Amino acid sequence: MNIEEFFELSAGKWFSHRTSHHLAFKQSEDGKSDIVIEMLAADHPEVIKLCEQYEIQPSTASCGARVTWNGTMEWDEEKHQGSTVLATVPDADNPDEGKLLREMGYAEKAPVAGSYKMGNDGALTLITEYETMWSEERLWFASPNLRMRVSVLKRFGGFSMASFTSEIRVGSTAVSTKATEAANAVQATAG
């Protein structure tokens, strides 16, 4: 599976359940979200604008997505909602690796560029360095309608958090045949 197929397979509406472990405080918490992922073409105006913001040639982007979320965390009653645009810029020598541009980061509410790597097992690994923290996230499909995610977030002051998220596709969507075949091929080789 390549990065474009991963994004295509991710498109749709998802119910997300996350358990986070705050290692320094020895506490855990649950969170639930509704997530909508909309695939954007590499030449979509928002993808072009994002590339220009990072002073990256827009023609080097391979695809993009708009991610919108609306959720709650166990420890507060506040709604956590927002939206961001993502763009992938593959490495010219190795298209399974590259930059992932974000209009707004998840850990800090500022634009951030990270790196991505597609594994032979169909899993996507994202590494992002923010001004005060570092994160590594691994996402994979257990099936075309079940996506898993694990992440580690480390603050430079020593605070760490680990989380596990399961995301279940809600309702029927038109997942591309090519992306579904790629997910099934990865499952067949892993099993």
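Where is the place of Phe 15? Strand β1, residues 12-22, is the spot. This is a predicted model, with local features needing pLDDT of at least 70 and side-chain atom pairs counting only at pLDDT 80 or more, while totals for chains, interfaces and linings use all residues. Residues are numbered from 1 along each chain as its sequence is written, and side-chain values use heavy atoms, with hydrogens and water left out.

**View A. A nonpolar patch on the surface around Phe 15.** Phe 15 counts as partly exposed because its relative accessibility is 32% (buried is under 20%, exposed over 50%, partly exposed in between).

**View B. Helix α1, residues 3-10, largely enclosed by the rest of the structure.** Six of its eight residues are buried, among them Phe 6, Phe 7 and Leu 9. Helices here are DSSP runs of H or I with at least four residues, and strands are E runs of at least two. At the N-terminal end, Asn 2 caps α1, with a side-chain oxygen 3.1 Å from the backbone nitrogen of Glu 4. After α1 comes Gly 12, with a positive phi near 135°.

**View C. Strand β3, residues 63-73, and its antiparallel pairing with β2, residues 27-40.** The two share 10 bridges (pairing takes at least two by DSSP). Arg 66 in β3 is the bridge partner of Glu 38, and Arg 66 also stands opposite Val 85 in β4.

Terms used: Patches are made of residues with over 30% relative accessible area and no salt bridge: like charges are joined within 9 Å, nonpolar side chains (Val, Leu, Ile, Met, Phe, Trp, Tyr) within 5 Å. Accessible areas come from the Shrake-Rupley method with a 1.4 Å probe; for residues, only the protein chains shown count as cover. A salt bridge is a side-chain nitrogen of Lys or Arg within 4 Å of a carboxyl oxygen of Asp or Glu. Buried means under 20% relative accessible area, exposed over 50%, partly exposed in between (1.4 Å probe, protein chains only). A polar contact is a pair of N or O atoms within 3.5 Å; within protein, one must be able to donate a hydrogen and the other to accept it, and residues adjacent in sequence count only if both atoms are side-chain atoms.
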